[in-house]
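Let's take a walk through this protein, from its outline to its core and its ligand site. Keep the structure open as you read.

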Amino acid sequence: MAQQRLDFLRETFRNLRSTGSVAPSSRFLCRAIAGKIDPARARTIVELGPGDGVITHYILERMQPDAQLLIFEINEVFVKKLHVTFQHDKRVTIIHDSAENMGRYLEERGIASVDCIISGIPFIMLPEILAQRITTECLRWLGMGCRFGQFHYFPLMLPFYKRIFGNVDVEVVPLNIPPALIVCCEKR
Ligand SMILES: C[S@@+](CC[C@H](N)C(=O)[O-])C[C@H]1O[C@@H](n2cnc3c(N)ncnc32)[C@H](O)[C@@H]1O
């Protein structure tokens with residue numbers, strides 16, 4: 001566990017803009033954000049910016065045996081780690097590419113829409129145009145009534161999500177370093 005935190009910290013300082021946090025999410029945050037998945041309904045789930053996969057474990061716990069999870073990560077060190085950690089779970093597909101390209105991979109697999117998207121990408125650190133491109137892709141690929149869940153440490157981007165999705169709900173997770181907010185938007 002201590003080694004895992006050190007590895008995460010090293011990658012954070014190497015790639016501060018794209019990693020955007022100094023510690024992996026706490027179990028309270030992981031549980032709360034994975035809770036946005038409706039296990040009865042979700043057959044195809046997408047996770048963006050899994051890092052070392054701390055939230056991925058909680059997502060998998062909520063998934064049915066016949067559901068699938070596609071994860072998009074740009075950091076090569078994390079991608080290698082994800083391959084080792086999840087090599088025995090047939091439900092997981094690890095994609096070493098940016099979330100903005102998700103459409104290409106979904107089309108290749110004949111996926112028409114996804115049932116939930118969970119994201120840890122630090123949009124606040126990205127150029128707004130890139131954040132807009134990724135979230136617009138999320139809106140495009142989500143099925144009707146399905147959810148996008150994202151965590152943040154500040155409420156600064158709430159108007160951004162409202163503009164893209166037309167609605168935004170917020171849940172506070174105090175037991176995280178730093179305390180976090182889960183932003184949840186639904187495709188309506
Ligand atoms: C704050 S870390 C989150 C890690 C983990 N999900 C957690 O909760 O501890 C953000 C992650 O998003 C990844 N990331 C940043 N931009 C991305 C992009 N455009 N597409 C996919 N992943 C991206 C970073 O490499 C990093 O692993």
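## Overall shape

With 188 residues, a compact globule would have a radius of gyration near 16 Å, and this protein, at 15 Å, agrees with that expectation. Please bear in mind that this is a predicted model. Along the principal axes, the C-alpha atoms of the protein fill a box of roughly 40 × 40 × 30 Å.

The protein has eight helices and seven strands. Of its 188 residues, 36% are buried. Among contacts with a separation of 6 or more, 69% join residues 24 or more positions apart.

## The core and helix α3

In soluble globular proteins, nonpolar side chains tend to be buried together. Here, the largest nonpolar core has 46 residues, and those that touch the most other members are I33, A34, I45, I59, V114, C116 and I117. Helix α3 gives this core its largest share, five residues.

Helix α3 spans residues 27-34, and its buried residues are L29, C30, A32, I33 and A34. What lies over them? The cover of the buried residues of α3 includes helix α4 (54-61) along with the strands β4 (114-119), β5 (142-152), β6 (169-173) and β7 (180-186).

I117 is also worth a click in your viewer. Leaving aside neighbours within four places in sequence, I117 is in contact with V46, L48, C138, L142 and F148.

Which residues of helix α5 (residues 76-86) are buried? They are F78, K81, L82 and F86. These residues cover an arc of only 110° around the axis, so they sit on the same side of α5. On the other side of α5, you will find E76, K80 and V84 exposed.

An α-helix has 3.6 residues a turn, so residues three or four places apart point the same way.

## Around the ligand

Now for the ligand. There are 22 residues around the ligand, and P24, S25, G49, G51 and G120 come nearest. Helices α2 (16-19) and α4 each supply at least two residues of this shell. Helix α4 is also part of the cover over the buried residues of α3.

How do the residues of the shell around the ligand divide into nonpolar, polar and charged? Eleven are nonpolar, ten are polar and one is charged.

Conventions. Residues are numbered from 1 along each chain as its sequence is written. This is a predicted model: local features need pLDDT of at least 70, side-chain atom pairs count only at pLDDT 80 or more; totals for chains, interfaces and linings use all residues. A residue is buried if 20 or more other C-beta atoms lie within 10 Å of its own, exposed if 12 or fewer, and partly exposed in between; C-beta atoms are placed from the backbone. Helices (H or I, at least four residues) and strands (E, at least two) are DSSP runs, numbered from the N terminus. Two residues are in contact if their C-beta atoms, placed from the backbone, lie within 7 Å. A nonpolar core is a set of buried Ala, Val, Leu, Ile, Met, Phe, Trp, Tyr and Cys residues joined through C-beta atoms within 7 Å. The radius of gyration is taken over C-alpha atoms; the globule rule is 2.2 Å times the number of residues to the power 0.38. A residue is near a molecule or strand if its C-beta atom, placed from the backbone, lies within 6 Å of it. Ala, Val, Leu, Ile, Met, Phe, Trp, Tyr, Cys and Pro count as nonpolar, Asp, Glu, Lys and Arg as charged, and the others, Gly among them, as polar. The arc is that of the directions from the helix axis to the C-beta atoms.
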